Amino acid sequence: AFDDVMLGCIRQHGEAWLYRGVRWLLRELFHNASGDRGCRNVGVHSFELWDQDGQLVAGDLGYTVGAVYTSMTGFRTLGSKGAGNVQLALTAALLHRMGYE
């Protein structure tokens, strides 16, 4: 779902800073940051909110350094009023429960 969230952000906000090279780097970090490269305290993440029909309606891209999560960008689909707020609230609750600041 990571790529779906990235594409949702591009659809809503335009390419802005998510150029091809940046997207490639984020994908690499998402898939490999917790591997053998010494990046155990750094990670790239996506959070998703899916509706009852299995459609992605909101998402967030962010990164962690140690116990801190930073949101880089997010999106919500048209016609999903409030979905972005729900997704952010659920993300914050989950991160808090997991010990992030």
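What follows are my notes, grouped by topic.

**Ground rules.** I am working with a predicted model, in which local features need pLDDT of at least 70, side-chain atom pairs count only at pLDDT 80 or more, and totals for chains, interfaces and linings use all residues. Residues are numbered from 1 along each chain as its sequence is written, and side-chain values use heavy atoms, with hydrogens and water left out.

**Strands.** I began with strand 1 (residues 42–50) and strand 2, which pair in the antiparallel sense over nine bridges. For the terms, helices (H or I, at least four residues) and strands (E, at least two) are DSSP runs numbered from the N terminus, and two strands pair if DSSP finds at least two bridges between them.

Gly-62 has Ser-71 in strand 3 as its bridge partner. This hairpin has two residues between its strands, and Gly-66 in the turn has a positive phi of about 60°.

Is strand 2 mostly covered or mostly open? I found it mostly covered, with eight of its 10 residues buried. Buried means under 20% relative accessible area, exposed over 50%, and partly exposed in between (1.4 Å probe, protein chains only).

**The core.** Which residues make up the largest nonpolar core? I noted 11 residues in all, among them Phe-2, Val-5, Cys-9, Leu-56 and Phe-75. Such a core is a set of buried Ala, Val, Leu, Ile, Met, Phe, Trp, Tyr and Cys residues joined through side-chain atoms within 4.5 Å. Helix 1 (2–13) and strand 2 (56–65) are the elements that give two or more residues to this core, and the largest share, five residues, comes from helix 1. I also checked Phe-75: leaving aside neighbours within four places in sequence, its contacts (heavy atoms within 4.5 Å) include Val-5, Cys-9, Gln-12 and Leu-56.

Phe-30 sits in helix 2 (residues 20–32) and is partly exposed at 32% relative accessibility. Beyond its neighbours within four places in sequence, Phe-30 touches Phe-2, Val-44, His-45 and Ser-46. Val-65 belongs to strand 2 and is partly exposed as well, because its relative accessible area is 46%. Phe-30 and Val-65 lie 35 residues apart in sequence and 13 Å apart in space, C-alpha to C-alpha.

**Salt bridges.** How many salt bridges does the structure hold? I found two, taking a salt bridge as a side-chain nitrogen of Lys or Arg within 4 Å of a carboxyl oxygen of Asp or Glu. In one, Arg-27 joins Asp-3, with the closest N and O atoms 2.6 Å apart. That pair links distant parts of the chain, since Arg-27 is in helix 2 and Asp-3 in helix 1, 24 residues apart. Arg-27 is partly exposed at 28%, and Asp-3 is partly exposed at 34%.

Arg-23 forms a salt bridge with Glu-15, the closest N and O atoms being 3.0 Å apart. Here Arg-23 is buried at 15% relative accessible area, whereas Glu-15 is partly exposed at 36%.
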